[in-house]
Amino acid sequence: MELNDPATKIRGLTAKHKSALEAMRITTVRDLLFHFPFRYDDFSNIASLAELEPGTEATVIAWIGKLRNRRSFRRRMSITEAELDDGEGTVTAIWFNQPYLTKYLKTGETYRFAGKVTKTKYGLRLANPLYGQQDGDSRVVNPYMPVYPLSSGISQHVLRRLVRNAVPAVEALQEYLPEDILDEYDLMSLSDAVRSVHFPEMDDEREAARRRLAFDELLRLQLVMGRTRRMREGKDAPAIPFDQDATKEFVDSLPFTL
């Protein structure tokens, strides 16, 4: 997969997703990689299930013991429930009207969940938690989950998956800054910055990626301004003829003194 390939080359992209991406002016792999998050969901502070307190926001790492969808006929909605276990306690995570989650969450696998802890007559619940997908050898990915600008027809979950599938293409990004500039300003390489801005593992890594991309944006602005200035300086100003007598006659005709 190349940077200038159409977005349809990205694994997992459907016709519905293609239309949603086009609405965001994303038509190539490069476009998607340069569609940056505007914030992150912070999954970095971990609590054990035994420590959870009602009314608090919590992030936990747990595996799923049981997972099911059911209908709530009284409220006319679907409910997805996952029994979470971290070896120190158990709690039920619950999502409303998201039955598709059973396609992505798997019984017996470990995830990072973040949501509000509520107390019900059935015990504690983790309400509508965000979750980080498992990656490889049971390692939960990304303490900082990217949140992207969206259009209708695509979800954060799907866009994250598409970006993750496109990320290997960053290796083809050509570094245009000289090595001494990178060293002087302590900047990441362009490929590392684009990769890290999407899925940073640490806060320092996220900040370093942001600094590099902000540097590039300011540099482009300076270059455009400098080019415009040189173009302006290279042109002769047009001569504007001045008719002194006509101007004096006009000024004398005014009913007031300038």
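The chat below takes those topics in turn.

Q: What are the ground rules here?
A: This is a predicted model, where local features need pLDDT of at least 70, side-chain atom pairs count only at pLDDT 80 or more, and totals for chains, interfaces and linings use all residues. Residues are numbered from 1 along each chain as its sequence is written, and side-chain values use heavy atoms, with hydrogens and water left out.

Q: Which residues touch the most other members in the largest nonpolar core?
A: Leu21, Leu32, Leu33, Ile154 and Leu162, out of 32 residues in that core. A nonpolar core is a set of buried Ala, Val, Leu, Ile, Met, Phe, Trp, Tyr and Cys residues joined through side-chain atoms within 4.5 Å. Buried means under 20% relative accessible area, exposed over 50%, partly exposed in between (1.4 Å probe, protein chains only).

Q: Which elements give two or more residues to this core?
A: Helices H1 (15-23), H2 (29-33), H3 (156-166), H5 (190-198) and H6. H3 gives the largest share, 5 residues. Helices (H or I, at least four residues) and strands (E, at least two) are DSSP runs, numbered from the N terminus.

Q: Switching to charges. How many salt bridges?
A: The count is 13. The rule is a side-chain nitrogen of Lys or Arg within 4 Å of a carboxyl oxygen of Asp or Glu.

Q: Where do Glu81 and Arg70 lie?
A: Glu81 is in strand S3 (residues 77-85) and Arg70 in strand S2 (residues 57-72), so their pairing ties together parts 11 residues apart in sequence. Their salt bridge is 3.1 Å, N to O. Glu81 is buried at 13% relative accessible area, while Arg70 is partly exposed at 30%.

Q: And Arg212 with Asp216, buried or exposed?
A: Both are buried. Their side chains meet in a salt bridge at 2.7 Å, N to O. They sit 4 residues apart in helix H6, so about one helical turn separates them.

Q: What about Lys248 and Asp252, buried or exposed?
A: Both are exposed. Their closest N and O atoms are 3.1 Å apart, in a salt bridge. The two are 4 residues apart in helix H7, again about one helical turn.

Q: Which residues are linked in a network?
A: Arg39, Asp41 and Arg160, through salt bridges.

Q: Surface next. Which residues make the positive patch?
A: Arg227, Arg229, Arg230 and Arg232. Arg232 is in helix H6 (residues 203-233) and is exposed at 54%. Patches take residues with over 30% relative accessible area and no salt bridge, joining like charges within 9 Å and nonpolar side chains (Val, Leu, Ile, Met, Phe, Trp, Tyr) within 5 Å.

Q: And which gather in the negative one?
A: Glu179, Asp180, Asp183, Glu184 and Asp186. Asp183 belongs to helix H4 (residues 179-184) and is exposed at 55%.

Q: Which residues make the nonpolar surface patch?
A: Phe250, Val251, Phe256 and Leu258, covering about 450 Å². Val251 is in helix H7 (residues 244-253) and is partly exposed at 32%.

Q: Last one: backbone. What is phi at Arg25?
A: Near 60°, a positive value in a residue other than glycine. Most residues other than glycine have a negative phi. Arg25 is in the loop between H1 and H2 and is exposed at 76%.

Q: And what is phi at Asn128?
A: About 45°, positive although Asn128 is not a glycine. Asn128 is in strand S6 (residues 123-132) and is partly exposed at 36%.

How values were computed. Areas by Shrake-Rupley, 256 points an atom, 1.4 Å probe, with all protein chains shown as cover. Lys, Arg positive; Asp, Glu negative; His and termini not counted. Charge placed at Lys NZ, Arg CZ, Asp CG, Glu CD.
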